[in-house]
Amino acid sequence: MINGKSVLVVIPARMGGYRFPNKPLRMIYGKEMLRWVWEHASQSQYADEIAIATPNEEIVKACEAFGAKVILTSDNHRRGTERVYEAYKATEKKWDIVVNFQGDEPLVTGEWLDKAIVELESNSDVSCVNLYKWMSYNESERDQNEVKVVVDVQSNAMYFSRNPLPALWLGDKKFECRVEICVMPMTAQALENFVLLPNAYYEEIESVDMMRFVENGLKVRMLECTLPVKSVDCQEDLDEAEKMIEAIYKVKDK
């Protein structure tokens with residue numbers, strides 16, 4: 001809870017991702033990737049409840065084995081935020097803030113989850129907060145799994161794309177791109193609005209949940225995460241994430 005506002009963290013995960021099937025249960029440094037996400041979320045000082053939302057019995061069994069609360073959802077959702085909404089409704093509780101903490105972010109800590117929650121709670125005109133990191137233009141150009149974002153002067157998102165943003169004009173500028181990290185606290189009302197709004201035009205083209213908010217004039221505040229993190233969308237990402245986690249825990253174990 002934060003300043004009297006209740007917080008639900010939902011971790012959506014499914015086995016059948018077309019980019020990297022079965023990735024939630026792939027092992028990273030001795031644990032399922034999904035377990036890393038859940039354990040980091042459990043470090044939050046503001047989360048009142050944490051639930052993993054999935055349509056897959058394999059994930060249910062794995063979650064129960066490591067002690068996580070799990071909610072079985074429909075397999076028909078096209079967006080992770082829609083799965084989060086189903087889990088939110090299934091709790092039958094009144095929540096003020098709901099966090100979509102996607103199950104492929106094994107390096108985001110509870111500390112950074114809390115920073116995002118604080119940013120949302122501190123700005124009453126913002127519907128959702130989304131963490132981001134920096135990536136070189138050349139690297140972002142090669143990786144369409146990474147979602148790029150451009151912001152206004154208040155750090156509110158203007159557009160998300162799987163292509164590099166902004167454009168490399170005449171090829172003579174060297175700069176970095178903002179890249180989305182899928183840790184997204186939102187007000188419960190914003191989540192309700194999300195499922196009531198129709199799929200947005202650019203949301204469909206880019207396959208990015210946050211565009212539904214942006215296209216309908218709802219503010220998404222981008223917050224820079226300075227922690228080294230790695231979203232996992234393919235085997236190469238998994239290997240890199242494992243090296244990063246191994247390096248962190250070797251230092252901690254000394």
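Tyr202 counts as partly exposed because its relative accessibility is 37%, where partly exposed lies between buried (under 20% relative accessible area) and exposed (over 50%), with a 1.4 Å probe and protein chains only. The model is predicted, so that local features need pLDDT of at least 70 and side-chain atom pairs count only at pLDDT 80 or more, while totals for chains, interfaces and linings use all residues. Residues are numbered from 1 along each chain as its sequence is written, and side-chain values use heavy atoms, with hydrogens and water left out.

Tyr202 belongs to helix 7, which covers residues 201-206. Helices (H or I, at least four residues) and strands (E, at least two) are DSSP runs, numbered from the N terminus.

Asn156, by contrast, counts as buried because its relative accessibility is 3%. Asn156 lies in the loop between strand 8 (148-151) and strand 9 (157-161). Beyond its neighbours within four places in sequence, Asn156 is in contact (heavy atoms within 4.5 Å) with Val126, Val150, Val151, Lys219, Val220 and Arg221.

For the protein chain as a whole, the secondary structure amounts to nine helices and twelve strands. The radius of gyration is 17 Å, close to the 18 Å given by the globule rule for 254 residues, so the chain is as compact as a globular protein of that length; the radius is taken over C-alpha atoms, and the rule is 2.2 Å times the number of residues to the power 0.38. Of the 254 residues, 54% are buried. Among contacts with a separation of 6 or more, 71% are between residues 24 or more positions apart.
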